[in-house]
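Have the structure open while you read, and click along as you go.

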Amino acid sequence: MNTNVKRILVCSAWPYGSGMPHLGNLVGCLLSGDAFTRFYRLLGYEALHVSGTDAHGTKVEYEAAKLGITPRELADRVHHAIRQALEEFEIAVDNYTTTESPVHKEFVTQIYRDMERNGYIIAQEEERAFCQGCRRFLADRFILGTCPRCGYPHAQGNQCDVCGALLEPEMLLAPQCAFCRSTDIVRRPTRHWYLDLEKLAPQLLAYVGSRDFRGNVKLFTERLIQDGLRPRAVTRDIEWGIPAPFPGAEGKVIYVWAEAALGYVSATIEHFRRLGEEERWREFWFGEEVWHLYTHAKDNIPFHTIIFPAQLIASGRGYHLPDQIAATEYLNWIGGEQFSKTRRVGIFADEALALLPPVYWRFYLLYNRPETKDVEFSWEELDKAVNAVLVDNIANFVHRVLSFIWSRHAGVVPDVATDPEVERAIDETYATVRRTVEEGALAPALRAVALLAGAGNEYFQRKAPWRTGDGEAVASAAHLVKALAILLEPFIPMFSREVYATLGITERALADVREGLRGHRLALQPHPLLEHVDMEDLKGRYQAMKEEGLVSLEEFQRLDLRVGRILMAEEVAGADKLLRLRIDLGDRQAQAVAGIRKHYPVGDLPGRLVAVVANLKPATIRGIRSECMILAASDGTLALLAPDKQVEPGTRIR
């Protein structure tokens, strides 16, 4: 970072509007962004943190279809839930917006017109993957298959989550439709618009060469460059998204990852527009007095080191390009399994808040932030981080020292200079934390602070001021408490806030860790800051949470599932969706009222075999007694479930 920098812009990757982020999403993006922002503010910079909900794309459209609601309804619902979770985690984002924002749509439209005017957008006719089963083009997450580079069998049509390869749907091996699981996939002609990365290659290579990318960022970026910078499609044949602004592109939208990163700019514009400072956003996007830091997981590296800079360069506006990419590896679930709310695997942000106060999660996640390799969640590591390190080491030391000052020194720190031994320890920790965070790492910095607390415990025990009356030891321990509170603020601000209140500190900067508290009076009587977490109880509550709503084997066996044959079908008067059915269940006949009228002609139903719940409690629908239920599947198209071979009515389904 050059000495001219006055402002820091922290950009955290946008969570998808398809569901709540899990712990891995949280630490890779928004929580890390919050910690960096707080750190740079303590250093005296004007720091701005922007992010938002990625409301567009195939993932949102796909999940909305499964729920039977519109993509906008799903994205709005998720956006509201994420904002609530961020408030509870005390993740401060100056503008947490959405890609549905009018400001974002306006900016995306304009910058693509700039790119096209400058000759960096090209159109070409091509053949794209098309599902014969559900009659749709299969873009991005609408298609699954095997990665052609690493062989990962569950790669999606835009990227492999394992090796990071940027893909096109047609590159996948053994592809299948994510909607209907059909493998009957053909190629259909269509026209798409591309960002000409090949034409931008000289400028991109110069940009990458000017940045000190390290670790996984350097690896992923170099791999993409070695593979060759080829034109990258920026339009999709889907309905949900920002309309493509190119002549002839009617009916197409901008690819979600070709517009989401542009949200960093539009979110900054929107933030200052709301403040009534219309032009101040330019101070964060032009010139060399600003430093840009991006937080996200490793799968997003190519988008932030190649594609997003390419868009900014292609606009011809002279935007400031990304300076630092603080990308994480993955935090996976126990055994390396990926988080999945559908499969009830892992802990998601809303679930985490129901299990523990956020101070514990913040500490655990940042203490174990996966910076050099993938990390697996474990209850043992959670226990170690929150109980052994945070509670027993840090919180216990703070409470022990402040309580001693309150009870033995009438709440006043002895008016004695800090022991040089303690001063050195604080100075070394300050230097380590500052260097580490400025290099883009958080976990080593937090671990260094924890070591300082451990050294403080050892020092206080060794000096034993309760026996010796050593005022220097007490003043030095108080200095350590103040230093710990300041150094911990970017990581667990709610903890630091409690310590500040007890100390009576209202203004602080990172450099204040070097100033002691000699002669300072405590503002409040100290109280224990944190309690131990009962891990067995926590695991039990987690298990109960995951089992909520599940059906036991005994409960399932109570269902009488059998094959029935429809004997008669007739329309229900005054109901445009309902049919009355008479069904042969083998040992008896039963009547059912079913909402299938719009999907099956009445005359086609008699004689069909169907799956039936035969022991359902009777209900009266439109004055007709319904004594059983036929089973059907629906993804927008309704299909009756039936055996694939001829069996007798009454045959049990097992």
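1. Start at Ala410, which is found in the loop between α12 (379-408) and α13 (420-438). Phi of Ala410 is near 55°, a positive value in a residue other than glycine. Most residues other than glycine have a negative phi. Ala410 counts as exposed because its relative accessibility is 56%. The cut-offs are under 20% relative accessible area for buried, over 50% for exposed and partly exposed in between, with a 1.4 Å probe and protein chains only.

2. Before you go further, some ground rules. This is a predicted model, where local features need pLDDT of at least 70 and side-chain atom pairs count only at pLDDT 80 or more, while totals for chains, interfaces and linings use all residues. Residues are numbered from 1 along each chain as its sequence is written, and side-chain values use heavy atoms, with hydrogens and water left out.

3. Glu90 is another one to check for its backbone. Its phi is near 55°, again a positive value in a residue other than glycine. You'll find Glu90 in the loop between α4 (71-89) and β3 (95-98). At 22% relative accessibility, Glu90 counts as partly exposed.

4. Now the whole chain. It has 19 helices and 25 strands, and buried residues make up 56% of its 654 residues. The C-alpha trace spans about 95 × 65 × 45 Å along its principal axes.

5. How many residues of strand β2 (residues 46-53) are buried? The count is 7 of the 8, so β2 is largely enclosed by the rest of the structure. Strand β1 (residues 7-12) runs parallel to β2, joined by 5 bridges, and Arg7 stands opposite Glu46 in β2. Strands β2 and β3 also run parallel, with 4 bridges between them; there, Gly52 has Thr97 in β3 as its bridge partner. For strands to count as paired, DSSP has to find at least two bridges between them.

6. Further along there is an open sheet of 5 strands with antiparallel pairing, in the order β19-β18-β17-β20-β23. Its edge strands, β19 (589-594) and β23 (629-630), each pair on one side only. Strand β18 (residues 579-584) pairs with β19 in the antiparallel sense over 6 bridges, and Arg580 has Val593 in β19 as its bridge partner.

7. The aromatics deserve a look. Rings of Phe, Tyr and Trp (its six-membered ring) pair if their centres lie within 6.5 Å, with planes under 30 degrees apart counted as stacked, over 60 as edge-to-face and the rest as tilted. By this rule the count comes to 27 aromatic pairs. Take Phe107 and Tyr319: the ring centres are 6.4 Å apart and the planes are at 80°, so this pair is edge-to-face. Phe107 lies in helix α5 (residues 102-117) and Tyr319 in the loop between α9 (301-315) and β14 (324-328), so the pair ties together parts that are 212 residues apart in sequence. Phe107 counts as buried at 10% relative accessibility, and Tyr319 is buried too, at 11%. Ring pairs link both into a cluster whose members also include Trp14, Tyr264 and Trp281.

8. Which residues lie over the face of a ring? Arg236 lies over Tyr255, at 3.9 Å from the ring centre. Lys298 lies over the face of Tyr330, at 4.7 Å from the ring centre. The test is NZ of Lys or CZ of Arg within 6 Å of the ring centre and within 35 degrees of the ring normal.

9. On the surface, Val551, Leu553, Phe556 and Leu559 form a nonpolar patch, with about 400 Å² of accessible area together. Nonpolar patch members have over 30% relative accessible area and no salt bridge, and their side chains are joined within 5 Å. Phe556 lies in helix α19 (residues 553-557) and, at 44% relative accessibility, counts as partly exposed.

10. Last one: Ala478, in helix α16 (residues 471-488). At 1% relative accessibility, Ala478 counts as buried. Its C-alpha atom is separated by 9.5 Å from that of His520, 42 residues apart along the chain.

Definitions and conventions: Helix = DSSP H or I, 4+ residues; strand = E, 2+ residues; numbered from the N terminus. Patch = residues over 30% accessible without salt bridge, like charges linked within 9 Å, V, L, I, M, F, W, Y side chains within 5 Å. Areas by Shrake-Rupley, 256 points an atom, 1.4 Å probe, with all protein chains shown as cover. Salt bridge = Lys/Arg side-chain N within 4 Å of Asp/Glu carboxyl O.
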